[in-house]
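Welcome, and please have your viewer ready. We will go from stop to stop, selecting as we go.

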Amino acid sequence: MSKPSPVTATLKQHHDRLSRQTLARLFAEDAQRFQRFSARCDGLLLDYSKNLVDEACLEALLELADQCELQRGINAMFAGDPINNTEQRAVLHTALRNGGQYLQPETRQAINQTRERMLAMADQLQQGELKGYAGRTIDTIVNIGVGGSDLGPMMAVEALASYHQSATRIRFVSNIDPVHISRTLAQCDPATTLFIICSKTFTTLETLANARAARAWFVAQTAREDAIHQHFYAVSTNLEAAAEFGIPERNIFPMWDWVGGRYSLWSAIGLSIALAIGREQFEAFLAGGRAMDDHFRTSPWRQNLPVLMALLGVWHSDYWGAQSQALICYDQNLAQFPAYLQQLDMESNGKSVTRDGWPVDYATGAILWGGVGTNTQHSFHQLLHQGTHFIPVDFIVGARSTDPVGEQHAALLANCLAQSQALMQGRSEEDLKQQMLDQGKSEAEAALLARHRRIPGNRPSNTLMYPVLTPFVLGQLIALYEHKIFTQSVIWDINAFDQWGVELGKELSKTITGVLKNPDQAHRQDASTNGLIEYYRDNGL
């Protein structure tokens with residue numbers, strides 16, 4: 001039996017009532033609003049008071065979580081039930097953070113052995129014991145992957161730059177565009193470069209193309225094909241394919257089918273993270289994710305950060321018509337966080353049928369976009385403040401900087417708080433008109449300028465604050481959004497862990513690749529594709 005629809009009569013009534021309310025008035029009427037509508041987890045603060053909810057509405061949203069049997073879904077995920085029902089797989093990325101606490105002994109052993117191998121390799125790198133064929137210390141690591149094998153590790157390595165334990169440079173290559181691999185290799189010395197090829201099946205088109213290019217470059221530069229084993233590692237389940245490439249089994253780190261790609265940075269896919277930040281900090285990173293797991297699994301909904309954020313997302317998309325969600329990180333360390341979360345969220349909840357295969361008649365999976373503040377204030381904030389779209393915003397900021405310079409962090413934090421305040425309270429046309437009149441403008445001119453300068457306000461936002469970005473805090477943030485996304489999938493009754501929508505393009509590209517490679521091969525595509533192929537044949541060959 002399908003779960004209840006998230007669109008309920010009670011919540012519709014709350015929407016109709018609150019649509020006549022303003023956030024500014026809610027704050028004016030309740031001096032304790034921040035205390036009532038904020039929650040914490042191990043130093044991480046969620047302020048959700050700047051959302052159009054009151055006590056009655058929040059209670060109805062929390063009741064929706066119960067109606068959709070959220071606790072049952074949480075228990076099933078942590079227990080290893082096959083909740084990815086279209087592929088009959090368990091979803092156990094959380095087990096990578098707790099050492100397989102709820103799993104069979106052999107699985108726990110495999111998880112912990114793999115983690116120890118990763119950390120031992122990190123120890124070697126930091127101690128200068130990881131060397132190439134010429135006996136020189138490795139100083140550059142190139143991670144070759146795509147999607148979850150690239151976005152997560154790249155984001156985390158950049159976010160934790162203040163915690164890197166050696167001077168080793170870590171580069172990431174994902175795009176099959178030859179420009180990406182060519183420009184990366186141009187900065188590498190083959191004698192001191194180590195490649196990590198991340199592909200669960202060792203068949204991913206983009207990853208294998210770049211891996212082969214790296215291998216060919218290495219052999220051409222060194223004339224040492226026999227040294228491949230010293231410079232190439234793999235994260236994969238396909239030992240045979242990796243061996244054919246020249247990577248010995250001792251250089252291969254395993255993966256498991258119960259870890260989806262976009263959830264895999266906690267696994268050996270995160271080898272580049274461990275190599276960057278070292279044993280102690282990588283353990284702290286896992287501990288942060290584990291702390292959020294415990295919070296999500298055991299906290300009442302009213303204090304549960306992932307659940308609160310998920311319910312507010314459902315409230316905005318299914319009742320207020322929000323089609324997108326902005327994520328603005330006032331922390332330069334998190335510059336890649338929005339791109340990482342785009343895959344995590346949209347590949348998970350970009351679904352249009354229920355778990356039973358029935359079309360949904362409500363919105364799912366908001367479009368996620370964003371950037372890093374204060375840069376975003378000089379690009380798209382104009383639309384947030386005065387545009388016609390209803391766009392909820394998540395602001396993320398630290399109370400302290402990892403790299404303080406003078407008073408700059410205070411200015412950064414002030415900008416973050418000012419943006420959320422401006423979205424909430426706006427600026428009235430009447431006040432602006434009076435301001436213009438006080439400056440000596442005519443009645444007509446003041447009225448016109450006031451209309452242009454008016455900021456409506458009443459636009460919702462969450463603010464996530466933490467003391468300072470550490471590996472523990474980054475682990476918290478990632479797990480928070482993972483569980484927010486899962487909670488929404490339970491409420492929407494969709495499968496967050498498959499991604500069939502990406503398969504068709506892959507299949508079609510294989511056919512088209514064959515046509516592009518063979519000019520004599522007939523191409524029977526649609527008129528548009530045929531025309532574009534002809535243009536390529538005229539200009540690209």
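Where is the place of Asn85? Select Asn85 and you will find yourself in the loop between helix H5 (70–79) and helix H6 (95–98). Keep in mind on this tour that the model is predicted.

**First stop: Asn85**

Show the surface around Asn85: its relative accessibility is 22%, so the residue counts as partly exposed, since buried would require under 20%. Now display its contacts. Leaving aside neighbours within four places in sequence, Asn85 is in contact with Arg355 and Asn495.

**Second stop: helices H14 and H20**

Next, select residues 305–319, which form helix H14, together with residues 471–492, helix H20. The two helices pack at an angle of about 50 degrees, and their axes are 8 Å apart. That angle makes H14 oblique to H20. The crossing of the pair is right-handed.

On the H14 side, the residues include Leu305, Pro306, Met309, Val314 and Asp318; among their counterparts in H20 are Leu480, Tyr481, Lys484, Ile491 and Trp492. Colour the contact by residue class and it divides into eleven nonpolar, five polar and two charged residues.

Is Ser317 buried or exposed? Its relative accessibility is 11%, so Ser317 counts as buried. Not counting residues up to four places away in sequence, Ser317 touches Ala322, Ala363 and Trp492.

In soluble globular proteins, nonpolar side chains tend to be buried together. Here, the largest nonpolar core has 116 residues. To find the members that touch the most others, select Trp315, Leu334, Phe337, Ile396, Leu474, Leu477 and Tyr481. Which helix gives the most to this core? That is H20, with twelve residues.

Apart from this core lies another, of 23 residues; select Val142, Leu185, Ile197 and Ala242 to see some of its members.

**Last stop: Trp315**

Finally, centre the view on Trp315 and show what surrounds it. Beyond residues up to four places away in sequence, Trp315 touches Leu11, His14, His15, Leu18, Leu52, Val53, Cys57, Leu61 and Trp320.

Definitions and conventions. Residues are numbered from 1 along each chain as its sequence is written. This is a predicted model: local features need pLDDT of at least 70, side-chain atom pairs count only at pLDDT 80 or more; totals for chains, interfaces and linings use all residues. Side-chain values use heavy atoms; hydrogens and water are left out. A nonpolar core is a set of buried Ala, Val, Leu, Ile, Met, Phe, Trp, Tyr and Cys residues joined through side-chain atoms within 4.5 Å. Buried means under 20% relative accessible area, exposed over 50%, partly exposed in between (1.4 Å probe, protein chains only). Helices (H or I, at least four residues) and strands (E, at least two) are DSSP runs, numbered from the N terminus. Contact means heavy atoms within 4.5 Å. Axes are lines fitted to C-alpha atoms, for helices over the stretch in contact, and angles run from 0 to 180 degrees between N-to-C directions. Angles under 35 degrees count as roughly parallel, over 145 as roughly antiparallel, 65 to 115 as roughly perpendicular and the rest as oblique. A crossing is left-handed if the near helix is turned anticlockwise from the far one by less than a right angle, and right-handed if clockwise. Ala, Val, Leu, Ile, Met, Phe, Trp, Tyr, Cys and Pro count as nonpolar, Asp, Glu, Lys and Arg as charged, and the others, Gly among them, as polar.
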